[in-house]
Amino acid sequence: MESKGDIIIEVENLVTHYGDTKVLDGVSFTVRRGEIFMIIGGSGCGKSTLLKHLCGLLRPTSGRIVFQGSDIASMDEDQLAVMQQSIGIAFQSSGLFNSMTVGDNIAMPMVEFGSVDPSLVKPLVRMKLSLVGLAQAEHLMPSDLSGGMRKRAGLARAIAVDPPLVYFDEPSAGLDPIMAAGLDELVMKLNKLLGTTFIIVTHELDSIKLAADRILMLDRGKVIFLGTLDDVEKSTNERVRQFFERRADEHIEQRQLA
Amino acid sequence: MTPTRVRCPETLDQDTGRTLFEVVCGKKVVPADVEIDLSATLSMDSFGGAWILRIAEQLRNGGKTAVCVGAAGDVAAFMDMLEPGMQRPATDTRVDTVLFEEFGGEVINFTKEFREFLELCIDAIYWTLVAPLEGRGFRFGAFLDELHEMGVRAVRIVCLMNFLLGLIIAMLSAKQVEAFGLQIFVANLVVIAFARELAAVMTATVVSARTGAAIAAEIATMEVQEEIDALRGMGISVTQYLVAPKLLAMIVALPCLTVLGMFSGILGGTLWGIGVLGFQPSIWYEQTLGATSMGDIGQGLLKSLFFAVAIALIGCHNGFRVTGGSRGVGRMTTRAVVMDIFTLIVIDIIFASFFYYIMK
């Protein structure tokens, strides 16, 4: 039986390329069940790419990603689909289906996975929407919502079927501070009450300090920091210090992209 | 009346929740208000919570109430989290309209759309014809790109379609006149048909499916992704930037394609005449040349000019009107092609009646 503290996902020496560019370079870490694990780093350092690897949307050049004992990189389509159904993903730009109402969007995983009693779909949709403060938006179309509201609806869909593992790609970007704080609180509540594991890509220093159990920092595809918030204080890495003290570079760095 | 008390099991999930629901709401008439006792419950998940919400809703519909009591620790925190969902659900605010409202709405929509279309037309005429002469700029590079995309890249399909159509027309008509021995006049028929009607209409149909759809999809996608707003925000005229090059490219490309279409169609007819009907090439050639008149060709080309304006403007117009994300882009693209083809036929009818009955 699964219990808190097990390793839920283990990444070993992950290397990946976009064309000739190495995006991730030997990334290794483990995430334990019931953790809030945050991935941070400057723009373009490979965070979103890493997240896409963790849910099997991209295949690595080399390395292993072990999810509950089996390697994602060597799964076939069917196994991957089973794995993906136990993960909730909230995308950076919400990923809502434009052709359905917000309510239908959230009902979709419940109906498609077939694991939910049909009569429960409605109250569950209402519950999840009210958790993100969108109870009134059930019958609206995604195009009627603002960017921040769409994002929250995306989160509601990600947590629709109580998945044991949830990925958030920049959940609070584009939200006002009040809403962002509310989301942090929601993440912590779900984490505490349902034991949901969260892997969150973020830039938000405040939510890192509030919610993160452990932090992984990437820079140019390499792990430059892995540890708790207390460890940050002890870190001697210049980039890490700079990030947490919110200092600008002396010159805006021009990244080599191709 | 004292409320009925129901005890919840230790874990409240999808299965135990269903049992609870059946116990409380299984009877036809719920006798009294219900107290859901959560004191024995140690853990619950969203599904369990959803069952409680269903029970609450069911009772509310029957004029009774349900309250949760005795929750402690994590379960209490979970119930707190669900609290907003216990209230009345959002009502569907979309109202049903009656017949007259719908009719009026349609009329208003139509006039609004017509006005937008007229504005676009006037803007487009200004930015394509007047503004360049005033020295306000025309994107010549974009015009050439569009010309290549709309014109050069469509040559093969336009020629092929017209060629096959020419073949079919010759095939069909030869059979009809066979009994009278007038097969040589098939050459006349093919030439006149392609010069006046078929090349222009066939080419315009192919181009509206190809380019009209592309224009609508491109502009609609730009609108959805706020690229159009970005242009406007920079103080750049959208009509100048997007519409004018497309419109002029279409006006140049479509008549050119139509000329190629006429050639290919006549070539198709000729192939049938010489290859199958067995006429001497020189005889067929003479007959064809004799039937060719500049007036017919001019008629076809004039028509294709109008087709070009219609295809470009309808594509742009539908692109700008998009609402509702990716689904909207698809809908507007379809709409553009349907409107294109309808408009082509209308223009064609107007021309035909004008030239055959008024001009004689």
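**Exercise 1. Decide whether L226(A) is buried, partly exposed or exposed.**

Step 1. Recall the classes: buried means under 20% relative accessible area, exposed means over 50%, and partly exposed lies in between (1.4 Å probe, protein chains only).
Step 2. Read the value. L226(A) has a relative accessible area of 37%, so L226(A) is partly exposed.
Step 3. L226(A) sits in strand β10 of chain A, residues 222-227. Strands (E, at least two residues) and helices (H or I, at least four) are DSSP runs, numbered from the N terminus.
Step 4. List the neighbours. Leaving out residues up to four places away in sequence, L226(A) touches S28(A), F29(A), F37(A), R214(A), I215(A) and L216(A). A contact means heavy atoms within 4.5 Å.
Step 5. Take one neighbour further. I215(A) and L226(A) are 11 residues apart in sequence, and their C-alpha atoms are 5.6 Å apart in space.

This is a predicted model: local features need pLDDT of at least 70, side-chain atom pairs count only at pLDDT 80 or more, and totals for chains, interfaces and linings use all residues. Residues are numbered from 1 along each chain as its sequence is written, chains are lettered from A and ligands numbered from 1 in the order in which they are written, and side-chain values use heavy atoms, with hydrogens and water left out.

**Exercise 2. Describe the backbone angle phi and the setting of S94(A), then of D162(A).**

Step 1. Start with S94(A). Its phi is near 70°, a positive value in a residue other than glycine.
Step 2. Locate S94(A). It is in the loop between β6 (87-90) and α3 (102-113) of chain A.
Step 3. Check its cover. S94(A) has 7% relative accessibility, so S94(A) counts as buried.
Step 4. Turn to D162(A). Here phi is near 50°, again a positive value in a residue other than glycine.
Step 5. Locate D162(A). The loop between α5 (147-158) and β7 (165-169) of chain A holds D162(A).
Step 6. Check its cover. D162(A) has 19% relative accessibility, so D162(A) counts as buried.

**Exercise 3. Compare chain A with the radius of gyration of a compact globule.**

Step 1. Count the elements. Chain A has 9 helices and 10 strands.
Step 2. State the rule. The radius of gyration is taken over C-alpha atoms, and the globule rule is 2.2 Å times the number of residues to the power 0.38.
Step 3. Apply it. For 258 residues a compact globule would have a radius near 18 Å; chain A has 18 Å, so the two agree.
Step 4. Along the principal axes, the C-alpha atoms of chain A fill roughly 55 × 40 × 40 Å.
Step 5. Of the 258 residues in chain A, 50% are buried.
Step 6. Look at the contacts. In chain A, 65% of the contacts with a separation of 6 or more join residues 24 or more positions apart.

**Exercise 4. Do the comparison for chain B.**

Step 1. Count the elements. Chain B has 12 helices and 5 strands.
Step 2. Apply the rule. The radius of gyration of chain B is 34 Å, well over the 21 Å given by the globule rule for 360 residues, so chain B is more spread out than a compact globule.
Step 3. The C-alpha atoms of chain B fill roughly 105 × 60 × 40 Å along the principal axes.
Step 4. Of the 360 residues in chain B, 43% are buried.
Step 5. Look at the contacts. Among those in chain B between residues at least 6 apart in sequence, 84% join residues at least 24 apart.

**Exercise 5. Is T258(B) buried or exposed?**

Step 1. Locate T258(B). Helix α9 of chain B, residues 238-275, contains T258(B).
Step 2. Read the value. T258(B) has 0% relative accessibility, so T258(B) counts as buried.
Step 3. List some neighbours. Among the residues that T258(B) touches are A199(B), T203(B) and L301(B).
Step 4. Turn to V259(B). V259(B) also lies in helix α9 of chain B. At 31% relative accessibility, V259(B) counts as partly exposed.
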